[in-house]
Amino acid sequence: MTRPPVRRIVTGHDDQGRAIILSDGAAPNHWSSDMIPGFGATVPWRTAAGAIDHVTDADPATADAEIPSFPAVGETILRVADFPPDSVYPDEAGSVIFSELDGHDEADAGAEHSGSRHFWFHRTDSLDYAVVLDGEITLLVDEGEATMRAGDVAVQRATSHAWSNRTNTTARVLFVLIGTEPVTAAQIAEQRKLASQPLETA
């Protein structure tokens, strides 16, 4: 199953400081799963930690750029992912997915409270904005779920989560992933408890 390309338009400046279109065409950095028909992603852009480059014409998302599945602290990744129906995933889907994504640590972190409810559960140290572009997909968390359709937005805040496509057509989702400082769910729980305790008075 061939994934539709993602059109990418990149702007920049000429030597007089005028805004120009640097490129307009299919985003060259894309990947399709060898094991899961229709599953794959395109990365139109990414940024490293630190100052953002608005000066050069360097392309951080060329066809041969090695882009991690998950951003490090201060990094950003813009990704458009295609999720086929859950029914096409193979047995042991979780192992297959996270082997292809080099994400076993993230899968282990996501399994802490999920009770193996879904093979896609994982947790990353990142703030993720997810926008459904096409189709329908359900966001699962440890306690609850929300079904999203085209135009819906999720703000995923370093939580354990999974993506479940319960339909018979592929869902396309745009993600902006922003790498954040590592903090475990247990550390977050402890900080929440401390923050809710009344202050002692002298």
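Two strands are taken to pair if DSSP finds at least two bridges between them, strands (E) being DSSP runs of at least two residues, numbered from the N terminus. The model is predicted, so that local features need pLDDT of at least 70 and side-chain atom pairs pLDDT 80 or more, while totals for chains, interfaces and linings use all residues. Residues are numbered from 1 along each chain as its sequence is written, and side-chain values use heavy atoms, without hydrogens and water.

Six strands form an open, antiparallel sheet in the order E3-E4-E5-E11-E6-E9. Strands E3 (30-32) and E9 (153-157) stand at its edges; each has a single partner strand, so one side of each lacks a neighbour in the sheet. Within the sheet, E4 and E5 (residues 76-83) pair over six bridges in the antiparallel sense, and Arg-46 has Ile-77 in E5 as its bridge partner.

Strand E4 (residues 40-47) contains Thr-42. This residue has a relative accessible area of 2% and is therefore buried (buried means under 20%, exposed over 50%, partly exposed in between; 1.4 Å probe, protein chains only).

Aromatic rings of Phe, Tyr and Trp (its six-membered ring) pair if their centres lie within 6.5 Å; planes under 30 degrees apart count as stacked, over 60 as edge-to-face and the rest as tilted. By this rule there are 10 aromatic pairs. The ring centres of Trp-31 and Phe-39 are 5.4 Å apart with planes at 90°, so this pair is edge-to-face. Trp-31 is partly exposed, at 29% relative accessible area, whereas Phe-39 is buried, at 4%.

Key
Helices (H or I, at least four residues) and strands (E, at least two) are DSSP runs, numbered from the N terminus.
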